[in-house]
Amino acid sequence: MKISVIGAGYVGLVTSACLSLDHEVTCIDVDPRKVAELNAGGCPIYEPRLRETIDKGNIEFTQDLGSLDRSDVIFICVGTPCYKGQCDIRQVLAAADDIYRSTKSSKTVVIKSTVVPGTNDKVLDVLNAGVICHKCVSNPEFLREGSAVEDFLHPDRVVIGARESESYDLLEQVYLWHDCFIHMDVVSAEMAKYACNCALATKISFINEISNLCEVTGANVNKVRKVMGTDPRIGSSFYEQGIGYGGSCFPKDVEALIEHGRWLGCPTPLLESVCDVNDNQYTGCLTKLEKYLWLKDSRVAVWGVSFKPETDDIRHSPAVEIIKELLGSGANVRVHDVVANPNLYAELRSWSKKTGISIATVEYYEETDPCEMTKGSDALVIATAWRQYTKAKVSEIEPQVIVDCRGVLNGREAIKQGKCYACFGNPNNS
Ligand code: UDX
Ligand code: UDX
């Protein structure tokens, strides 16, 4: 099958690469630098297995919209950022307009970007403004950064929201190696994506709230979670306490659904609280640090910048918020991250211009051994659970103060060695 994918961001690239293992794919992006880098054998994002999948597949990258009219199916995978709390679908509508202007025969257009319920209808209006009658399908992505290729090739489900039975059949031919299809109408498919991400975000805020209560009551959150997990109705997965969720999906999706509900006159107080809990959660790290340290002129090492391990994505990363707060308090900060430092550097430069807060003393470490780079620091903050950090030996960490926001170290060992060790939810209470 001939497939075009509009958008070479996280989702567009993974979709293009995986589909190109079975189909002839053209991935289109307006950004000339991205297209040039991909054609030169590079990859604009760090995502495990992505470049090798691209290299195995039948795929071309271009800015040219010419392939759209030669395609059987066109995927829309452009960004849907949060704008004033709302899901901004302008890029999706622009892609639909590109399709409308560049095609002379009827196409099946598939929206993979996360869009608020009702967007498919709007896209269909743009596509069908002329005489050609296109079809528009909603096929939300459930790709976790860091394991997106794996998730695409081995999904739990492939949701197909369509208006006609031919669209279900066509999409099943696109995903020919899958057998976990769920058919439904378009608006339910759009809503299902938000429901999934909001449910996951709710679990995280819930466990963080319980974890905060454990800290003031003396209970141990790991034991509490163990008990919760013995009830299959509750489960124990995706209940890791810490500095909260970040990334390009949960923060914007929860906010967008709240705003959409407000606009529809259907308030979502539960989701508002999920958001509030998360927005405050990272401050727990600073409170713990300030128990042991006067931040002004202190030297703080931070392990981890990305919003989670195995990605260079720093969008809404709680680690970045912590680094900014430390800098704002006058601390000298040195950071270690496996791949996200270039993104942090760019972010801090624009933040410094806006706020006037100096970033001159920030030091960046990537290849240096994480323990080695802590030498000379007063404290270590662990903000992202990269595998490298989970392997670190407490005895090789120099700073006396350790705030382990993701619970990666052996806390009991740290305490035994006389460190001022703090983490979330009292997991070391006996
Ligand atoms: C996007 C959405 O934001 C998210 O909600 C959805 O679930 C998955 O897709 P992401 O892939 O991370 O996320 O988007 P982003 O990294 O912003 O990439 C979008 C790409 O589309 C960019 O490279 C941009 O240049 C390109 N684009 C945008 C086009 O090629 N044409 C357009 O008209 C607009
Ligand atoms: C998410 C969805 O999981 C995925 O299905 C898709 O819809 C895109 O959005 P992603 O944002 O890549 O994927 O990461 P995810 O693994 O879901 O983690 C999101 C954030 O939650 C991270 O900051 C992570 O550190 C945090 N998290 C996750 C917790 O704080 N505790 C947990 O138990 C799990």
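**The H10–H11 pair and beyond**

Mentor: This is a predicted model. Begin with helix H10, residues 250–263, and helix H11, residues 269–281: their axes come within 9 Å and cross at roughly 145°. The crossing of H10 past H11 is left-handed. From H10, the contact draws on Val 254, Leu 257, Ile 258 and Arg 262. From H11, it draws on Leu 271, Glu 272 and Cys 275. By class, five of the contact residues are nonpolar, none is polar and two are charged.

Stay with H10 for a moment, and look at the loop that joins it to helix H9 (221–229). Phe 238 lies in that loop. Its phi is near 60°, a positive value in a residue other than glycine. Is Phe 238 buried, exposed or partly exposed? Phe 238 has a relative accessible area of 39%, so it counts as partly exposed. The cut-offs are under 20% for buried and over 50% for exposed.

A second residue has a positive phi without being a glycine: Arg 49, at about 70°. Arg 49 sits in the loop between helix H2 (32–39) and helix H3 (50–56). With a relative accessible area of 36%, Arg 49 is also partly exposed.

How many cavities of 30 Å³ or more does the structure hold? There are two.

Take the largest cavity. It holds about 130 Å³ of space. Its lining is made of 13 residues. Nearest the centre of this cavity lie Lys 112, Phe 152, Pro 155, Arg 157 and Val 158. By class, the lining has seven nonpolar, two polar and four charged residues.

The second largest cavity has a volume of about 60 Å³. Which residues line it? Ile 111, Ser 113, Thr 114 and Val 115 are among them. The classes here are four nonpolar, four polar and two charged.

Leaving out residues up to four places away in sequence, Ser 20 touches Val 25, Gly 57, Asn 58 and Ile 59.

What does Val 300 touch, not counting residues up to four places away in sequence? Its contacts include Leu 289, Leu 293 and Leu 326. Ala 331, Asn 332, Val 333 and Arg 334 are also touched by Val 300. Ser 377, Ala 379 and Val 381 complete the list. One spacing to check on screen is that between Val 300 and Ile 323. They are 23 residues apart in sequence, and 9.4 Å separates their C-alpha atoms.

How values were computed: Residues are numbered from 1 along each chain as its sequence is written. Chains are lettered from A and ligands numbered from 1 in the order in which they are written. This is a predicted model: local features need pLDDT of at least 70, side-chain atom pairs count only at pLDDT 80 or more; totals for chains, interfaces and linings use all residues. Side-chain values use heavy atoms; hydrogens and water are left out. Axes are lines fitted to C-alpha atoms, for helices over the stretch in contact, and angles run from 0 to 180 degrees between N-to-C directions. Helices (H or I, at least four residues) and strands (E, at least two) are DSSP runs, numbered from the N terminus. A crossing is left-handed if the near helix is turned anticlockwise from the far one by less than a right angle, and right-handed if clockwise. Contact means heavy atoms within 4.5 Å. Ala, Val, Leu, Ile, Met, Phe, Trp, Tyr, Cys and Pro count as nonpolar, Asp, Glu, Lys and Arg as charged, and the others, Gly among them, as polar. On a 1 Å grid over the protein atoms alone, a cavity is a set of points where a 1.4 Å probe fits but cannot get out, and a pocket is an open set with protein on both sides within 12 Å along at least five of seven lines; lining residues have an atom within 4 Å of a point. Grid points are joined across faces, edges and corners, and a volume is the space filled by probe spheres set on the points. Buried means under 20% relative accessible area, exposed over 50%, partly exposed in between (1.4 Å probe, protein chains only).
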